[in-house]
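This report goes through selected features of one protein model. Please keep the sequence and the coordinates open while reading.

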Amino acid sequence: MILCGNPGVQYQAYREEIDLAIKRVLESGWYILGDELGNFELEFSDYIGTQHAVGVASGTDALYLSLIACGIGSGDEVITVSHTAVATVAAIELAGAVPVLVDIEPNFYTLNPVCLESALSDKTKAIIPVHLYGQSASLGDILEFAEKHQLYVIEDCAQAHGAKYQKQKLGTYGDLACFSFYPTKNLGAMGDAGAVVTNNSELAETIGSLREYGWDEKRISVAKGNNSRLDELQAAILRVKLRHLEEGNTARKNIARDYNCGLEGLGFGLPRVNKSNDHVYHLYVIRCRERDKLRRYLRDRGVVAGIHYPIPIHLQPAYLGRLRCAGKLTETEKAAEEILSLPIYPELGRSDVELIIQTVKEFINNS
Ligand SMILES: *Cc1c(COP(=O)(O)O)cnc(C)c1O
């Protein structure tokens, strides 16, 4: 069976280093907010190219705490997309704010800046562009719009560790940027974890306080916070994985190149890369009219393909009929019916990629 993502084989690949890191933490006797997290925050901010990184409990919390730190809450509106992980929209509602959803660019699956104007109101406080599948949203236009209307930009980088827009890494452009280290992400922990990166010292400090009951340095709550800490075990594992992230991203790009070569000319919509972007292929997503049939065909032959995401958020039961959408989300709804994520992870072998390509070709020839 070839899985869509496979964090287990990554453990096997770095087993010695990870086992040592875990042992070091277990024997240290210090399990929350210690040197491992402090060092991971330094190493991760250094890698991304920001002044600060603050570890938190998940990507969802990173988004939620970012909104709170910006003072965004009840009555405020935040513009984002419906074609994303539920977490993006859930975090806005957790903060008490109102999500306003816009359509995507059909070629890139990311927020269409042309739609921003129609989503804007005098209550709009922020935009959350999602760098979906591993490449940047159209940041130039989004940043310009945000600047013009004095809006915060909070980048959702949960699928884009190490990806670039122009010369800089994603996460360096927004006021704040949020990462998830869910196990299957390009940088994945062995449990839940996340981080916020920023160049704004005040916002970094606020998030550092909010993640622990809103404490000041004397452990007195000066703000309404909660508990959202990235523990030492996960931080130690992430430090190991961070050292191998570039190598992992390169492997993903090579797999994507092999897929591109093997699948071109077969009538699929293959991933397109915007010329300003360096894509890190968190997912390799193709478009196909007979998506469900192809998925079943692959599954019957031991290849698990995924759908990210099968139902746009505004059509999911928890949200249906009550989310504000700026116009019709035509491209969002169309994409949801046609997209298919083929297996991709750094340790996926060339022969497996070749097998997947052959199986897809077989499907085309038989249908
Ligand atoms: C994974 C993901 C999140 C949420 O991260 P968690 O760590 O699972 O809370 C948010 N946004 C996007 C786009 C994601 O892919």
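The model is predicted, so local features need pLDDT of at least 70 and side-chain atom pairs count only at pLDDT 80 or more, while totals for chains, interfaces and linings use all residues. Residues are numbered from 1 along each chain as its sequence is written, and side-chain values use heavy atoms, with hydrogens and water left out. Helices (H or I, at least four residues) and strands (E, at least two) are DSSP runs, numbered from the N terminus.

An open sheet holds 8 strands in the order 1-9-8-5-4-2-3-12, and its pairing is mixed. Its edge strands, strand 1 (52-56) and strand 12 (324-325), each pair on one side only; two strands pair if DSSP finds at least two bridges between them. Helix 4 packs on the sheet and touches strand 1, strand 2, strand 5, strand 8 (176-180) and strand 9 (194-198). The direction of helix 4 makes about 160° with that of strand 8. Axes are lines fitted to C-alpha atoms, for helices over the stretch in contact, and angles run from 0 to 180 degrees between N-to-C directions.

Strand 2 and strand 3 run parallel and are joined by 5 bridges. Glu77 stands opposite Val98 in strand 3. Glu77 is also among the contacts of Lys125, which, leaving aside neighbours within four places in sequence, include Ile72, Asp76, Leu151 and Tyr152; contact means heavy atoms within 4.5 Å. Lys125 lies in strand 4 (residues 124-127) and is partly exposed, with a relative accessible area of 32%. The classes are buried under 20% relative accessible area, exposed over 50% and partly exposed in between (1.4 Å probe, protein chains only).

Which residues of helix 5 (residues 86-94) are buried? They are Thr88, Val89, Ala90, Ala91 and Ile92. These buried residues pack against helix 4 (59-69), strand 2 (77-81), strand 3 (98-102) and strand 5 (152-156). After helix 5 comes Gly96, with a positive phi near 90°.

**Strands 11 and 13**

Strand 11 (residues 284-287) and strand 13 (residues 339-342) run antiparallel and are joined by 4 bridges. Tyr284 stands opposite Leu342 in strand 13. In a regular strand the side chains alternate between the two faces of the sheet. Strand 11 is covered on both faces: Tyr284 and Ile286 on one side, and Val285 and Arg287 on the other, are all buried.

**Helix contacts**

| Pair | Angle | Axis separation |
|---|---|---|
| Helix 2 (residues 15-28) and helix 9 (residues 232-243) | about 150° | 9 Å |
| Helix 11 (residues 291-300) and helix 13 (residues 350-366) | about 125° | 10 Å |

Helix 2 is thus roughly antiparallel to helix 9. Angles under 35 degrees count as roughly parallel, over 145 as roughly antiparallel, 65 to 115 as roughly perpendicular and the rest as oblique. Helix 2 passes helix 9 in a right-handed crossing; a crossing is right-handed if the near helix is turned clockwise from the far one by less than a right angle, and left-handed if anticlockwise. Helix 2 contributes Glu17, Ile18, Ala21, Ile22, Arg24, Val25 and Leu26 to this contact, and helix 9 contributes Glu232, Leu233, Ala236, Ile237, Arg239, Val240, Lys241 and Arg243. By class, the contact of helix 2 with helix 9 has 9 nonpolar, no polar and 6 charged residues. Here Ala, Val, Leu, Ile, Met, Phe, Trp, Tyr, Cys and Pro count as nonpolar, Asp, Glu, Lys and Arg as charged, and the others, Gly among them, as polar.

Helix 11 is oblique to helix 13 at about 125°, and passes helix 13 in a right-handed crossing. Lys293, Leu294, Tyr297 and Leu298 in helix 11 meet Thr359, Val360, Glu362, Phe363 and Asn366 in helix 13. These residues divide into 5 nonpolar, 2 polar and 2 charged.

**Backbone exceptions**

Most residues other than glycine have a negative phi, and most peptide bonds are trans. Gln150, in the loop between helix 7 (139-148) and strand 5, has a positive phi near 55° and is exposed at 69% relative accessibility. Arg219, in the loop between helix 8 (201-210) and helix 9, has a positive phi near 60° and is exposed at 58% relative accessibility. A cis peptide bond with omega of about 15° joins His308 and Tyr309, and Tyr309 is in the loop between helix 11 and strand 12.
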